Amino acid sequence: MCRSDVGLGDDGNSVGCRECGAVYPIVDGTVRMVSPGRASYRRRTAESFAYEWRHFGQARPEWERNFRDYLRPHTPEDLAGRTMLDVGAGSGRHSAQAAAAGANVVAVDLGDSIDVARRNLPPEVLTVEADAEDLPFEPGSFDFVMAIGVLHHLPDPARALRAIARFARPGGHVHVYLYWWPESRLQRTMLRGVAAARRVTVRLPHRLLHLACYPLAAALMLMVVTPHRALRHRPRGRRLARALPLKTYADYPFGVLVNDQFDRFSAPIEFRFERHEVDEMLAAAGLQDRVVLPNSGWIGDGRVTSLGEVEGPQTRQGR
């Protein structure tokens with residue numbers, strides 16, 4: 001993959017590397033920089049998310065607060081004037097929020113998801129089709145590298161984190177979101193049931209799974225989300241409300257719950273992590289001033305101090 005001395009082609013429909021002669025087309029407003037031989041890499045995962053974002057990728061007013069939640073301990077205002085790389089941009093909702101806050105954003109995804117992002121994003125956001133572990137940028141190119149809900153769907157999340165961390169400049173931050181193993185015994189039991197069901201659901205046609213998610217989401221809304229809404233404002237009910245799973249959906253419309261059930265049962269690969277495992281991954285990526293925060297999963301953040309080779313202990317994959 002070419003990473004330097006890149007310019008717009010004479011035809012205006014491609015970009016090329018003056019050093020090595022490689023040419024990458026611009027199709028539907030997106031630079032296509034997938035290396036030869038890697039276009040089918042992780043194809044099932046790319047197809048799953050492309051279907052998801054085509055059907056659930058519409059902009060929602062809730063995404064502004066959602067972005068603030070995922071960005072902690074930073075705020076959108078911290079991104080103003082900074083260069084930001086959004087790895088695994090999906091529908092583009094986080095890139096859109098970052099651009100609205102004044103960041104100079106490059107949004108990357110593999111497969112047709114990037115076309116959904118392109119339609120949802122303003123013209124000033126650059127969209128690039130590329131592989132998360134083979135990104136076409138110079139190391140140290142960005143102030144802020146973000147991968148929200150991405151790494152746990154890759155074959156080796158720790159390796160992928162080390163790969164993307166190289167693109168943050170010294171003093172810049174790498175910011176990720178990963179699935180967790182929650183402390184609640186009930187929630188862990190439910191997630192193990194989900195893992196068992198996924199052995200079947202990841203093989204279903206996407207349309208069939210999509211239809212099945214509506215009654216599932218309705219049952220969860222009735223049995224869990226609605227009771228939480230009723231209990232959380234009552235002094236005697238708050239403790240029970242906090243113990244219920246899926247609390248996040250109490251503040252979102254039904255469509256978001258349907259979306260997330262499809263996400264949960266469709267993606268071919270899924271890892272989950274303990275808090276200490278996330279911290280170990282950040283350390284192995286050479287990050288300092290590390291923070292790991294709960295948010296129905298783990299928000300991990302760390303600061304880059306050097307562009308030198310990443311060193312650190314090998315981190316086992318989440319279970």
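Analyst: Happy to! Helix α1 (residues 43-56) and helix α9 pack with their axes 10 Å apart, at an angle of about 175 degrees. Helices here are DSSP runs of H or I with at least four residues, strands are runs of E with at least two, and both are numbered from the N terminus. The axes are lines fitted to C-alpha atoms over the stretch in contact, and angles run from 0 to 180 degrees between N-to-C directions. α1 and α9 are therefore roughly antiparallel to each other, a label for angles over 145 degrees, while under 35 counts as roughly parallel, 65 to 115 as roughly perpendicular and the rest as oblique. On the α1 side, the contact is made by S48, F49, Y51, E52, W53 and F56, and α9 contributes G255, V258, N259, F262, D263 and S266. Contact means heavy atoms within 4.5 Å.

A word on the model: it is predicted, so local features need pLDDT of at least 70 and side-chain atom pairs count only at pLDDT 80 or more, while totals for chains, interfaces and linings use all residues. Residues are numbered from 1 along each chain as its sequence is written, and side-chain values use heavy atoms, with hydrogens and water left out.

Helix α9 (254-266) also meets α2: the buried residues of α2 pack against α9, α3 (93-100), β8, β9 and β11. In α2 (residues 63-71), those buried residues are W63, N66, F67, Y70 and L71. Buried means under 20% relative accessible area, exposed over 50% and partly exposed in between, using a 1.4 Å probe and protein chains only. Seen down the axis of α2, they fall within an arc of 130 degrees, so they line one face of the helix; the arc is that of the directions from the helix axis to the C-beta atoms.

Leaving out residues up to four places away in sequence, L161 touches L151, V174, V176, M281, L282 and A285.

Stepping back, the protein chain has ten helices and eleven strands, and 52% of its 319 residues count as buried.
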